[in-house]
Amino acid sequence: MANDEVTPRPAPREVRIDRRQVRVLAHPLRMRLVGALRVKGPATATTLAELLGTNTGATSYHLRQLAEVGLVVEDPDRGGGRQRWWQAAHDVTSWDPSDFDDDPDARAAIEWIQGDQVRLLVDTADHWFANQHEWSPAWRDGFGMSDIVLTIPPARLEELKTEMWQLLERYHREATAADSADSVDPEARPVQVFMAAYPLREGL
């Protein structure tokens with residue numbers, strides 16, 4: 001008799017980075033390597049070099065640095081031979097900026113990482129503006145940004161962020177389950193969703 005029960009998808013593997021990890025991660029190529037392994041899946045240093053437009057020596061070196069602090073690991077299912085296969089050790093990286101208040105070097109590293117996230121958002125938006133004419137009306141209406149001004153205390157802001165993240169995780173689980181079951185909507189495409197909250201600037 002067939003089992004119709006759906007096996008629950010495990011929660012994303014999350015790491016709350018420590019001060020050693022944050023110092024290693026605060027590097028443009030290392031950030032891109034971790035991101036590529038999370039999005040594209042396991043890969044060799046050679047494949048990553050081709051994907052990121054660099055050389056194998058650089059990707060090999062930086063993968064070893066990331067491995068030393070547990071942010072990437074060798075793929076046990078693809079081991080052996082001359083090529084080493086790497087995979088991301090986690091799906092999600094989390095931290096609070098105040099985690100590093102007592103460590104100036106780690107604080108500077110996390111500030112660089114936050115700045116890199118903003119640069120990625122800007123690059124992503126610029127690429128969309130330059131190429132949106134190639135997409136269908138449904139996608140052009142679906143993509144984009146919006147904002148709203150709230151007057152709330154920090155505790156409520158944390159609650160809001162938690163609820164929004166839980167919603168995004170649910171959509172991510174459902175999309176992953178559909179992909180595993182080979183029932184992906186033919187119109188589905190990878191979409192990157194950013195979540196941000198900043199203080200309202202004076203004079204606005």
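1. A crossing of two helices is left-handed if the near helix is turned anticlockwise from the far one by less than a right angle, and right-handed if clockwise. In this predicted model, helix 3 passes helix 4 in a right-handed crossing. The two axes come within 8 Å and cross at roughly 115°. On the helix 3 side the contact is made by Ala-45, Thr-46, Leu-48 and Ala-49, and on the helix 4 side by Thr-56, Thr-59, Ser-60 and Leu-63. Sorted by class, this contact has 4 nonpolar, 4 polar and no charged residues.

2. Some orientation on the whole chain. The protein chain has 7 helices and 5 strands. Read from the N terminus, the elements follow the order β-α-α-β-α-α-β-β-β-α-α-α. Along the principal axes, the C-alpha atoms fill a box of roughly 60 × 55 × 40 Å.

3. On confidence, the mean pLDDT of the chain is 90, and 92% of its residues reach 70 or more. Among the elements, helix 4 (residues 56-68) has the highest mean pLDDT, 97, while strand 1 (residues 14-16) has the lowest, 89. Over residues 1-9 the pLDDT is below 50, and this stretch has 3 contacts in the model beyond near neighbours in sequence.

4. Helix 2 (residues 28-40) also packs against helix 3 (residues 45-52), at an angle of about 105° and with the axes 11 Å apart. That makes helix 2 roughly perpendicular to helix 3, because angles of 65 to 115 degrees count as such. From helix 2, the residues Leu-29, Arg-32, Leu-33, Ala-36, Leu-37 and Lys-40 meet Leu-48, Leu-51 and Leu-52 of helix 3. The contact of helix 2 with helix 3 has 7 nonpolar, no polar and 2 charged residues.

5. How do the axes of helix 2 and helix 4 cross, and within what distance do they come? They cross at roughly 80° and come within 10 Å. Helix 2 is therefore roughly perpendicular to helix 4. Here Leu-29, Arg-30, Leu-33, Val-34 and Leu-37 of helix 2 meet Ala-58, Thr-59, Tyr-61, His-62, Leu-63, Gln-65 and Leu-66 of helix 4. By class, the contact of helix 2 with helix 4 has 8 nonpolar, 3 polar and 1 charged residues. Leu-29, Leu-33 and Leu-37 of helix 2 are listed in the contact with helix 3 and again in the contact with helix 4.

6. Next, the sheet. Strands of a sheet pair through backbone hydrogen bonds, either parallel or antiparallel. In this model an open sheet of 3 strands has the order 2-4-3, with antiparallel pairing. Strand 2 (43-44) and strand 3 (72-74) stand at the edges with a single partner strand each, so one side of each is left without a neighbour in the sheet.

7. Which residue of strand 4 does Thr-44 stand opposite? Thr-44 faces Trp-85. Strand 2 and strand 4 (residues 85-88) run antiparallel and are joined by 2 bridges.

8. Last, the helices and the sheet together. Helix 2 lies across strand 2, strand 3 and strand 4, and runs at about 90° to strand 4.

Conventions. Residues numbered from 1 in each chain as written. Predicted model: local features only at pLDDT ≥ 70, side-chain atom pairs only at ≥ 80, totals over all residues. Heavy atoms only, no water. Axes fitted to C-alpha atoms, helices over the stretch in contact; angles between N-to-C directions. Helix = DSSP H or I, 4+ residues; strand = E, 2+ residues; numbered from the N terminus. Parallel < 35°, antiparallel > 145°, perpendicular 65-115°, else oblique. Contact = heavy atoms within 4.5 Å. Nonpolar A, V, L, I, M, F, W, Y, C, P; charged D, E, K, R; others polar. pLDDT = per-residue confidence, 0-100. Pairing = 2+ DSSP bridges.
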